[in-house]
Amino acid sequence: MKKEEILNILKDKISEKILTLENLIAETRASSNDTKSSMGDKYETGREMLQQEINNLQIQLNEVLKQRDFLKNLSAKPSLKAEKGALVKTDKGLFYISVSLSNIDFNGSKIFCISPDSPLAKVLDGKTESETISLNNVAQKILQIF
């Protein structure tokens, strides 16, 4: 497995998310400017709702920016144990301990991108090949770590 290629795919996905959120914020701000009127409370309520939407989008953007920064510091070097940046193959799936993001398809394999803070990553942490872990009464054997 080429972790560097997988890492680049994740970075691209994060960049797309950042661009989408920035565009949504800009569009929502433009909508907010369009509602300026002296017609009274009805318009003030609408503007407040738009401001809340902008705030929610900004929170999402801040989280994605943190993910981007985390990925910048992630190494694509091979790992000997399950840790941040490790690609762990178990008998149940392929897990990349990086950021929580949608699954990615890579060379015909589905890779689940999980946060180091996720329950699965915490159970995997420090484990090595051929060890068995259990989460929610489901046992998984670690087959390979990249």
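## Reading the fold, from one loop outward

Modeller: Start at N137, in the loop between strand 5 and strand 6 (138-145). Keep in mind that this is a predicted model.

Biologist: Is N137 buried or exposed?

Modeller: Exposed residues have over 50% relative accessible area. N137 has 80% relative accessibility, so it counts as exposed.

Biologist: Where does S130 lie?

Modeller: S130 is in the loop between helix 3 (119-124) and strand 5 (132-135). Its phi is near 80°, again a positive value in a residue other than glycine. At 51% relative accessibility, S130 counts as exposed, because the cut-off is over 50%.

Biologist: Let me step back. How many helices and strands does the chain have?

Modeller: The chain has 3 helices and 6 strands. Then read their order along the sequence: α-α-β-β-β-β-α-β-β.

Biologist: What are the spans of the C-alpha trace along its principal axes?

Modeller: The trace spans about 70 × 30 × 25 Å. Compare the radius of gyration with that of a compact globule. For 146 residues such a globule would have a value near 15 Å, but this chain has 21 Å.

Biologist: What share of the residues is buried?

Modeller: Buried residues make up 33% of the 146 in the chain. The accessible surface comes to about 9100 Å². Carbon and sulfur atoms account for 47% of that surface.

Biologist: Which residues touch the most other members of the largest nonpolar core?

Modeller: The general idea first. In soluble globular proteins, nonpolar side chains tend to be buried together. Here the largest nonpolar core has 23 residues, and I6, L71, L87, Y96 and I111 touch the most other members. At least two residues of this core come from each of helix 1 (3-34), helix 2 (41-72), strand 2 (93-97), strand 3 (101-106) and strand 4 (109-114). Helix 1 gives the largest share, 7 residues.

Biologist: Which residues does I6 contact, leaving aside neighbours within four places in sequence?

Modeller: I6 is in contact with M1, L87, Y96, I104, F106 and I111. There is also a second, separate core of 12 residues. Its members include A82, V88, I97 and L120.

Biologist: What share of the contacts in the chain between residues at least 6 apart joins residues at least 24 apart?

Modeller: That share is 56%. Now try single residues. F70 is in helix 2. Along the sequence, F70 and S98 are 28 residues apart. In space they are 8.0 Å apart, C-alpha to C-alpha.

Biologist: Which residues does F70 touch, not counting those up to four places away in sequence?

Modeller: F70 touches K84, S98, V99 and P116. F70 has 24% relative accessibility, so it counts as partly exposed.

Biologist: Where does R68 lie?

Modeller: R68 also lies in helix 2. Its relative accessible area is 31%, which makes it partly exposed. Not counting residues up to four places away in sequence, R68 touches I14 and I18. The C-alpha atoms of R68 and S134 are separated by 30 Å, and the two are 66 residues apart along the chain.

Biologist: Which strand holds A139?

Modeller: A139 lies in strand 6. At 43% relative accessibility, it counts as partly exposed. Leaving aside neighbours within four places in sequence, A139 is in contact with D91, K92, T132, I133 and S134. L65 is 74 residues from A139 along the chain, and their C-alpha atoms are separated by 34 Å.

Biologist: One last feature. How many positive and negative side chains does the chain have?

Modeller: Count each set, then compare their centres. The chain has 21 positive and 20 negative side chains. The centres of the two sets lie 5 Å apart.

Notes. Residues are numbered from 1 along each chain as its sequence is written. Side-chain values use heavy atoms; hydrogens and water are left out. Helices (H or I, at least four residues) and strands (E, at least two) are DSSP runs, numbered from the N terminus. The radius of gyration is taken over C-alpha atoms; the globule rule is 2.2 Å times the number of residues to the power 0.38. Buried means under 20% relative accessible area, exposed over 50%, partly exposed in between (1.4 Å probe, protein chains only). Contact means heavy atoms within 4.5 Å. Accessible areas come from the Shrake-Rupley method with a 1.4 Å probe; for residues, only the protein chains shown count as cover. Lys and Arg count as positive and Asp and Glu as negative; His and the chain ends are not counted. The place of a charge is taken as NZ of Lys, CZ of Arg, CG of Asp or CD of Glu. A nonpolar core is a set of buried Ala, Val, Leu, Ile, Met, Phe, Trp, Tyr and Cys residues joined through side-chain atoms within 4.5 Å.
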